[in-house]
Amino acid sequence: MTIPLIPRIGALVLATTGFYAYVGSMVPQNEVQPPPTSIVIPADLTTEQMVTVGREVMDTKGLCFTCHTIGRSGALRFPDLAGVDERAKTRVPGLSDVDYFAQSMYEPEAFIVPGFNPGMPVINRPPIGLTDQEILCVIAYLQSLGGTPTVTLQTAHRYYTPAGGAPAATGAPAAAGAAPGAPAAAPAPSDQKAAPGQQLPLIAPPAQKAPVAPTPPVVPGNPPATGTAPR
Ligand code: HEC
């Protein structure tokens, strides 16, 4: 006997649909994740481990090597970073290599490497937006280029004072908002000595924070208007 046409077409449609559904379900389903917003950095990293993490940050989220090179010479648009720690120690009088590296990332317009144009993005702001800890790791790696890494995650510099850490050594008041590229200053209660009987404020009084809030965003290519940054 012959099967009528309509059921035959119906069976073919079902079989075909089923076949493709089956093949489709065998394709691995990959969930597309947004890029990690920050790399997890344990607080007890050694300086040596920070060097490794710093390089990783520069390769990935930091996007440093979209511009910079290590060990290239010739007509370069961006400063080559080979041996940069040696130069960092003397680039700006009064700035240690750590402070100079911090300045190059938090406030790149404050000093322009001779022979180059401004154009380095502010690294702790979006789109790159590295955290203070990631930047410390990057500093450790930069120190390893031509020098000996010394920073730890407890190292303070002009733009960042770790909670409970020592105040920045070079005097520039990191908490006063003098540096336009600096992040909203974290209160550093540990660097104030309480007079006998006086309580240390745990949170900086609002008056101290007020001048920091309206800082205009630093647009790469436009030097910050305030011009109060120490050179
Ligand atoms: C869009 C391109 C660009 C990106 C991305 C970039 N830089 Fe730069 N960088 C520059 C330019 C241009 C200069 C030179 C001008 C200046 O001094 O600001 C510079 C200068 C520097 C200097 C000073 C070098 C010296 O010889 O004194 C350091 C250090 C540095 N960058 C580190 C970094 C690190 C670390 C990153 C990633 C977290 C990074 N840069 C990402 C463009 C870039």
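Pro 127 has its place in the loop between α4 and α5, and in this predicted model a cis peptide bond joins Pro 126 and Pro 127, with omega at about 5°.

Two packed helices are described by the angle between their axes and the distance between the axes. For α4 and α5 the angle is about 125° and the axes are 10 Å apart; angles of 65 to 115 degrees would count as roughly perpendicular and those over 145 as roughly antiparallel, and α4 and α5 are therefore oblique to each other. Their crossing is right-handed. On the side of α4 the contact is made by Asp 97, Val 98, Phe 101, Ala 102 and Met 105, while α5 brings Ile 135, Ile 139, Leu 142 and Gln 143 to it. Sorted by class, this contact of α4 with α5 has 7 nonpolar residues, 1 polar and 1 charged.

The burial of α4 can be read along its length, for 10 of the 10 residues of α4 are buried, so the helix is largely enclosed by the rest of the structure. The buried residues include Asp 97 and Asp 99 as well as Tyr 100, Phe 101 and Tyr 106, and what covers the buried residues of α4 includes α3 and α5.

We turn now to the ligand. It is surrounded by 26 residues, of which Gly 62, Cys 64, Cys 67, Val 113 and Met 120 are the closest. By class, the shell around the ligand has 19 nonpolar, 5 polar and 2 charged residues.

Two loop residues complete the tour. Leu 63, found in the loop between α2 (47–59) and α3, has a positive phi of about 55° although it is not a glycine. With 16 C-beta neighbours inside 10 Å, Leu 63 counts as partly exposed, because a residue needs 20 or more such neighbours to be buried and 12 or fewer to be exposed. Ala 156, which lies in the loop between α5 and α6 (206–209), is by contrast buried, because 21 other C-beta atoms lie within 10 Å. The C-alpha atoms of Ala 156 and Val 98 are separated by 9.3 Å, although the two residues are 58 residues apart along the chain; Val 98 is itself one of the α4 residues in the contact with α5.

Methods: Residues are numbered from 1 along each chain as its sequence is written. This is a predicted model: local features need pLDDT of at least 70, side-chain atom pairs count only at pLDDT 80 or more; totals for chains, interfaces and linings use all residues. A residue is near a molecule or strand if its C-beta atom, placed from the backbone, lies within 6 Å of it. Ala, Val, Leu, Ile, Met, Phe, Trp, Tyr, Cys and Pro count as nonpolar, Asp, Glu, Lys and Arg as charged, and the others, Gly among them, as polar. Axes are lines fitted to C-alpha atoms, for helices over the stretch in contact, and angles run from 0 to 180 degrees between N-to-C directions. Helices (H or I, at least four residues) and strands (E, at least two) are DSSP runs, numbered from the N terminus. Angles under 35 degrees count as roughly parallel, over 145 as roughly antiparallel, 65 to 115 as roughly perpendicular and the rest as oblique. A crossing is left-handed if the near helix is turned anticlockwise from the far one by less than a right angle, and right-handed if clockwise. Two residues are in contact if their C-beta atoms, placed from the backbone, lie within 7 Å.
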